[in-house]
Amino acid sequence: MANESALDLEELRHLQSIAKRPRVVSLINAEISNLEKEAAVPAVPSQAPTPIPTPVKAPVAPAVNYSALSTFSWDQDGDKVKIYISLPGVDKEKLDADFKPMSVDVKFHGVDGKNYRFTIPKLHKEIVPENCKVIVKPTRVIISLLKASKGNWLDLNYKEDKSKPSMDKEKDPMSGIMDLMKNMYEEGDEEMKKTIAKAWTDARTGKSDPMKGYR
């Protein structure tokens, strides 16, 4: 491109030297001036467009399906509870045990091409998670749980203690009748309200007992 501009300038200057008419000389001078300006400005190299990076999508992990282990046996002593599950082929490197104070969740992966899970969402009593473990045997696994407090467990799963007295039983036995009288007054017709109001008035003056007939 620079060589072409130099050749054009050389030829225009030659024409300038032989031109006679003022208009032609003026046009040649203007063109020479333009070419000289272009030659003085360094050419800006064209830049390739910056490529836009294509976002890389993170691979989505396939959902893991588990078969629930519902058949097991268990025993205990004063300190520990042991759960026995018949499951041959377990790799101890492929199990995931999650012990919490009131729950157990153990997952077994790649057992003959399948995944298994044993879970107790709420235990009968609290355990010490850091001292619990899973022992793998050739044909079974043993889940050992350390009790937070010594004592006998009636079951593995939590069950409400029904031996505790109900708060309702400790209420004043007359409170239910009082509530009934209030409801009858609020929902009753005018005649009923007059009857109940009279009973309360008589009770205040000692003439009658408003609970008479409801005991």
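**Close-up views of the predicted model**

View 1. E31 is partly exposed, with a relative accessible area of 38%. The model shown in this and the following views is predicted. E31 belongs to helix α2. On the surface, E31 gathers with E4, D8, E10, E11 and E38 in a patch of negative charge. Patch members need over 30% relative accessible area, and E31 has 38%. Two helices, α1 (2-18) and α2 (22-40), each supply at least two residues of the patch. The most comes from α1, which gives four residues.

**View 2. L9 of helix α1 and its distance to A39.** L9 is found in helix α1. The relative accessibility of L9 is 9%, so this residue counts as buried. Between L9 and A39 there are 30 residues of separation along the chain, and their C-alpha atoms are separated by 9.9 Å. Helix α1 also contributes four residues to the negative patch of the previous view.

**View 3. The aromatic pair of F72 and F118.** One aromatic pair is counted in the model. The ring centres of F72 and F118 lie 5.2 Å apart with the planes at 80 degrees, so the pair is edge-to-face. The edge-to-face class requires planes over 60 degrees apart. The two partners come from distant parts of the chain, 46 residues apart: F72 sits in the loop between β1 (67-68) and β2 (73-76), and F118 in strand β6 (residues 114-120). F118 is buried, with a relative accessible area of 1%, whereas F72 is partly exposed at 34% relative accessibility.

**View 4. The salt bridge between K150 and D79.** The structure holds three salt bridges, shown in this view and the next two. Side chains of opposite charge can pair when their charged atoms come close. In the bridge between K150 and D79, the closest N and O atoms are 3.7 Å apart. The cut-off for such a contact is within 4 Å. K150 lies in the loop between β8 (140-146) and α3 (175-187), and D79 in the loop between β2 and β3 (80-86), so the bridge ties together parts that are 71 residues apart in sequence. K150 is exposed, with a relative accessible area of 69%. D79 is partly exposed, with a relative accessible area of 34%.

**View 5. The salt bridge between D105 and R117.** The side chains of D105 and R117 meet at 2.6 Å, N to O. This pair links distant parts of the chain, twelve residues apart, with D105 in strand β5 (residues 103-111) and R117 in strand β6. D105 has 14% relative accessibility and therefore counts as buried. R117 is partly exposed, with a relative accessible area of 31%.

**View 6. The salt bridge between D155 and K159.** For D155 and K159, the closest N and O atoms are 3.0 Å apart. K159 counts as exposed, at 54% relative accessibility. The cut-off for exposed is over 50%.

**View 7. D112 in the loop between β5 and β6.** D112 is found in the loop between strands β5 and β6. Although D112 is not a glycine, its phi is positive, at about 55 degrees. Most residues other than glycine have a negative phi. D112 counts as exposed, with 72% relative accessibility.

**View 8. Q76 of strand β2 and its distance to N152.** The place of Q76 is in strand β2. With a relative accessibility of 27%, Q76 counts as partly exposed. Q76 and N152 are 76 residues apart in sequence, and their C-alpha atoms are 7.8 Å apart in space.

**View 9. Overview of the chain.** The secondary structure comes to four helices and eight strands. Along the sequence, these elements follow the pattern α-α-β-β-β-β-β-β-β-β-α-α. The chain has 215 residues, of which 22% count as buried. Among the buried residues are L9, D105 and F118.

Terms used
Residues numbered from 1 in each chain as written. Predicted model: local features only at pLDDT ≥ 70, side-chain atom pairs only at ≥ 80, totals over all residues. Heavy atoms only, no water. Patch = residues over 30% accessible without salt bridge, like charges linked within 9 Å, V, L, I, M, F, W, Y side chains within 5 Å. Areas by Shrake-Rupley, 256 points an atom, 1.4 Å probe, with all protein chains shown as cover. Lys, Arg positive; Asp, Glu negative; His and termini not counted. Charge placed at Lys NZ, Arg CZ, Asp CG, Glu CD. Buried < 20%, exposed > 50% of the residue type's maximum accessible area, 1.4 Å probe, protein only. Phe/Tyr/Trp six-rings, centres within 6.5 Å; stacked < 30°, edge-to-face > 60°.
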